[in-house]
Amino acid sequence: MHDIRKRWKKLRKSSSQVNTSLRVIISAVLLLELMTGIMFYAAQNFIQRTMERMVRVEMNAIYLCLRNQLAEAEVTIDNMSWVAGESLDEPNWMFELSRSVVKNDSIFWGCGIAFVPNYYASKGRYYGPYSVRRGNDSIESLQMGRGLVDYTKREYYRFPMATGESHWSEAYTDHVGVRGRTTTYSAPIRDTKNRIVGVILADIPVSLLQDIVNEEKVYPSTQRLLLSGNYHVLAGEVNPQAIDALKRVKASSDHKGYFTQIDKDGKKRHVFFTPVGGKTDWLLVNILDDSDVFGRLRMMRMMLMLPVLLGFLFAGLIVWRSSKNIEHLRKVNAEKKRIDSELQVASQIQQSLLPQGELCVDGLELEGLLTPAREVGGDLYDYFIRDEKLFFCIGDVSGKGAPSAILMAVIHALFRSAAVHESNPARIMQFINAASCHNNNTNMFVTVFIGVLDLPTGLLRYCDAGHDAPFVLHDDTPSLLDVIPHLPIGVFDDTKYDVQTITLQPNSSLFLYTDGLTEAMNAKHQLFGLDRVKTLLEGVVNDSPQAILDKIVEGVMDFVKNAEQSDDLTLLSIRYAPVRFESTLTRTLTIKNDVREVAQFSTFIKTVVEELGIETSLARQIRLAVEEAVVNVIDYAYPVGTEGNVTIRVMSDGKVLHTQIIDTGVAFDPTAMQKADTSLSAEDRKIGGLGILLVREQMDSINYERTDGKNILTLIKKL
């Protein structure tokens with residue numbers, strides 16, 4: 001009896017252990033299923049967001065490519081409409097104008113100038129000089145309106161004539177000129193009385209748009225379409241799926257958006273659309289299959305679920321526990337690999353934001369270095385040249401890692417955006433600070449130093465927002481630049497920033513750095529310090545920027561030895577060694593701010609270019625650009641009713657022509673002006689609008705400086 005009771009207790013204990021194990025396994029299976037569902041949902045959302053972000057990045061790249069091509073056409077033809085209007089007394093030259101447009105810009109297949117009927121009585125009722133590029137790259141000149149095509153009935157002629165505005169036409173097939181599918185951009189031509197006397201037009205092949213639209217795609221199933229304002233397909237393949245999508249796009253009240261659609265076969269597709277912008281009313285449409293985005297995720301879920309369930313059904317408690325540990329370890333390793341991979345990509349992206357290649361400018365050397373403490377960091381530096389000025393910056397975002405890297409990219413983009421049309425570093429800093437403070441819920445801040453170096457004069461304008469003061473290297477003695485310690489970027493949106501100036505001596509250098517240099521720490525927790533930096537610089541004052549960086553890096557590495565890098569290290573070295581311009585011919589003319597003085601100036605500049613022996617075409621460009629700049633200064637340098645002088649100084653060494661236009665009027669930087677409104681008459685345009693755009697087109701570079709109460713605009717043309 002005692003043995004029976006003993007065996008019964010043992011059986012009950014064994015059964016209880018089995019039930020416990022079974023409950024643990026069942027609970028684990030349910031928990032795994034729940035976790036898988038949550039992970040699937042999270043992964044699906046992540047892939048959805050990634051897909052939307054990648055498609056928008058992809059569409060933005062296509063958009064930028066389209067805008068670059070279209071903007072090039074728009075700027076060229078808008079400028080040429082003004083040139084044609086200024087040359088109406090030379091009808092035979094119109095053929096040369098159309099040929100030069102086709103010859104100098106490969107985007108154009110053809111260019112024509114269509115005048116109103118009977119405008120030139122000697123040319124007959126229709127006069128339309130037209131030039132077209134042929135397959136052997138030769139240029140053929142034709143006469144529109146004489147048995148070829150009645151251009152007065154075409155959209156590219158009627159729209160500008162009716163509205164006075166530039167216009168992109170619908171795609172059409174040209175059997176005579178381009179001999180293919182094309183779209184035409186046209187702009188009205190006005191005479192001196194602001195009357196429209198014709199249009200200038202340029203033909204762009206649809207095949208060019210097709211090539212841009214069909215560029216490399218992230219998802220193989222992607223379909224792209226380029227639509228006109230009337231929802232006609234300009235580029236892209238039209239199929240039933242595309243037709244269904246176009247109906248939804250056409251019915252939408254917005255010109256930008258995203259939606260999903262399911263066809264009659266139950267297939268889901270994602271449709272994105274956005275306007276091309278500029279002077280077009282075109283739309284860019286992107287269509288991709290849902291299976292191309294989520295197919296692998298769903299397949300992996302189906303393939304993984306069955307083995308996991310079977311494994312749990314036939315495994316015991318020990319196996320389950322071991323499997324759980326192994327699965328956890330696998331997930332940790334996979335997650336680590338994923339994070340490492342993403343951080344590697346992020347690091348590559350961050351490095352790609354830094355300036356690439358060398359600046360090909362005589363008398364200027366730059367070298368930069370950014371070494372993040374982690375895979376990605378929060379330091380930045382950037383530089384570029386605009387209008388004979390070097391724009392540069394260096395910054396340090398608070399914290400390290402991915403959040404700092406993201407903010408760094410934002411600051412980099414804001415700097416580039418602001419410096420395109422602004423030469424005052426304080427105003428650039430103000431713009432960056434205002435944008436950074438907006439919705440700054442993380443309370444992150446950035447120390448930044450921004451400088452603008454005028455290359456001809458060596459005048460350095462700079463603004464410091466809490467950053468370490470740079471070193472100036474000259475005469476064997478490195479010294480810290482005097483800076484006003486403004487608050488860093490991102491603290492208060494109403495912070496006032498001031499500009500400071502200094503003139504760099506020839507053969508001097510600037511050395512900029514982040515606190516990752518001075519706060520580099522060795523194994524004894526000692527800091528590298530500013531004194532060690534100065535000591536190293538004393539031995540390389542007259543060396544190249546690369547040699548300076550090598551010396552600093554070598555010194556830091558020798559100091560920290562095997563200690564782990566504690567902060568991002570960023571260095572930027574700039575050497576200013578200008579090449580002196582030796583003029584062999586100098587001519588000067590001073591006139592009053594009176595348009596009646598233009599005739600005297602025209603004779604002066606004509607005499608100079610003839611004295612230099614400049615060939616006719618180049619001389620015409622120089623005269624046109626300089627005259628436009630001088631007329632603008634006469635019109636706008638001095639307040640109404642105020643008399644003043646305008647001095648024109650022309651210098652040349654036989655290879656380069658320097659033209660300086662000097663006045664003592666109000667301070668105004670025409671190089672900072674954005675594109676002019678070409679719908680205004682010539683009398684209403686402000687200096688720096690269409691005029692400065694024409695000057696940029698004709699000259700190799702321009703430079704503006706305000707010195708000793710004088711505006712000095714320098715135009716440079718290589719002979």
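## Basis

Two strands count as paired if DSSP finds at least two bridges between them. The model described here is predicted.

## Overall composition

The protein contains 15 helices and 27 strands. Of its 719 residues, 47% are buried.

Among contacts in the protein with a separation of 6 or more, 65% are between residues 24 or more positions apart.

Five strands form an open sheet in the order 9-8-12-11-10, with antiparallel pairing. The edges are taken by strand 9 (233-235) and strand 10 (257-262); each has a single partner strand, so one side of each is left without a neighbour in the sheet. On average, neighbouring strands of this sheet are turned by 30° against each other, direction ignored.

## Strand 10 and its partner

Strand 10 runs antiparallel to strand 11 (residues 268-275), and six bridges join the two. Within this part of the sheet, Tyr258 stands opposite Phe272 in strand 11.

## Helix packing on the sheet

Which helix packs on the sheet, and which strands are touched? Helix 5 (residues 240-251) does so, touching strand 8 (223-227), strand 9, strand 10, strand 11 and strand 12 (283-289). The direction of helix 5 makes about 130° with that of strand 10. Strand 10 is thus an edge strand with a single partner strand, is joined to strand 11 by six bridges, and is touched by helix 5.

Technical notes: Residues are numbered from 1 along each chain as its sequence is written. This is a predicted model: local features need pLDDT of at least 70, side-chain atom pairs count only at pLDDT 80 or more; totals for chains, interfaces and linings use all residues. Side-chain values use heavy atoms; hydrogens and water are left out. Helices (H or I, at least four residues) and strands (E, at least two) are DSSP runs, numbered from the N terminus. Buried means under 20% relative accessible area, exposed over 50%, partly exposed in between (1.4 Å probe, protein chains only). Contact means heavy atoms within 4.5 Å. Axes are lines fitted to C-alpha atoms, for helices over the stretch in contact, and angles run from 0 to 180 degrees between N-to-C directions.
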